[in-house]
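Have the structure open while you read.

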Amino acid sequence: MNAQGSLARSVDAYLSGNTRVATLELDRARAEVARTGAPERLARLELVHCAAEVASLSFTACPAYQAVAPDAAAPEQAYARYLRAQATAADASQLPEVHRTLVGAAPDQAAARVAAIADPLSRLVAAAVLLRAERATDAVVRSAVDTASAQGWRRPLMAWLGVALARAQAAGQGDEAVRLQRRLDVLTRRVPADAASATTQ
């Protein structure tokens with residue numbers, strides 16, 4: 001339970017853009033799991049962290065998971081392949097239910113299925129996997145932007161707004177590009193200390 005609490009706080013801090021707290025809580029979760037001497041549990045924990053990175057469009061090799069991957073159970077191994085956009089039809093049955101129907105789905109079908117996912121983080125992960133596989137439609141990108149914005153998740157919001165901006169620029173959508181850039185500017189703007197103090201009084 002301690003590990004689960006720390007992991008949840010780590011994921012929330014990571015998505016919110018608070019790297020220091022995210023790292024601190026992740027280290028605590030790892031320490032709690034290490035006390036069990038169960039590498040398969042550690043593999044599951046590392047995959048949750050990796051999923052948060054993928055949702056934020058940080059497509060790393062997830063080295064912490066790779067270190068314990070040989071001991072991961074079949075569902076975790078399938079999910080790891082899914083996060084790399086390498087899941088096969090044979091992996092689908094091993095995946096969490098919300099992700100199963102996305103494996104091999106046509107782009108338009110996948111877009112509708114992503115939008116129907118209730119859990120915000122799972123929706124972002126699914127959208128990111130489609131983007132990594134070069135199968136994300138503009139509707140998927142908009143869904144990801146709206147999801148991250150609604151949750152106040154700064155890190156994935158910046159990443160997904162960047163994708164949307166690049167697509168708008170490539171399509172010659174000048175007005176949309178300007179609008180998206182304004183949103184990015186809001187995210188990167190630093191509020192002066194005196195202004196921040198005034199708003200709390």
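Which residue forms a salt bridge with Asp91? Arg81 does, with the closest N and O atoms 2.7 Å apart. A salt bridge here is a side-chain nitrogen of Lys or Arg within 4 Å of a carboxyl oxygen of Asp or Glu. Asp91 sits in the loop between α5 and α6 (97-100) and Arg81 in helix α5, so the pair ties together parts that are 10 residues apart in sequence.

A word on the ground rules: this is a predicted model, where local features need pLDDT of at least 70, side-chain atom pairs count only at pLDDT 80 or more, and totals for chains, interfaces and linings use all residues. Residues are numbered from 1 along each chain as its sequence is written, and side-chain values use heavy atoms, leaving out hydrogens and water.

The count comes to nine salt bridges, including these:

| Pair | Closest N and O atoms |
|---|---|
| Glu25 and Arg28 | 3.2 Å |
| Arg35 and Glu32 | 3.1 Å |
| Asp91 and Arg81 | 2.7 Å |

Glu25 is buried at 8% relative accessible area (buried is under 20%, exposed over 50%, partly exposed in between, with a 1.4 Å probe and protein chains only). Arg35 is exposed at 67%, while Glu32 is partly exposed at 25%.

After α3 comes Leu57, with a positive phi near 65°.

Key
Helices (H or I, at least four residues) and strands (E, at least two) are DSSP runs, numbered from the N terminus.
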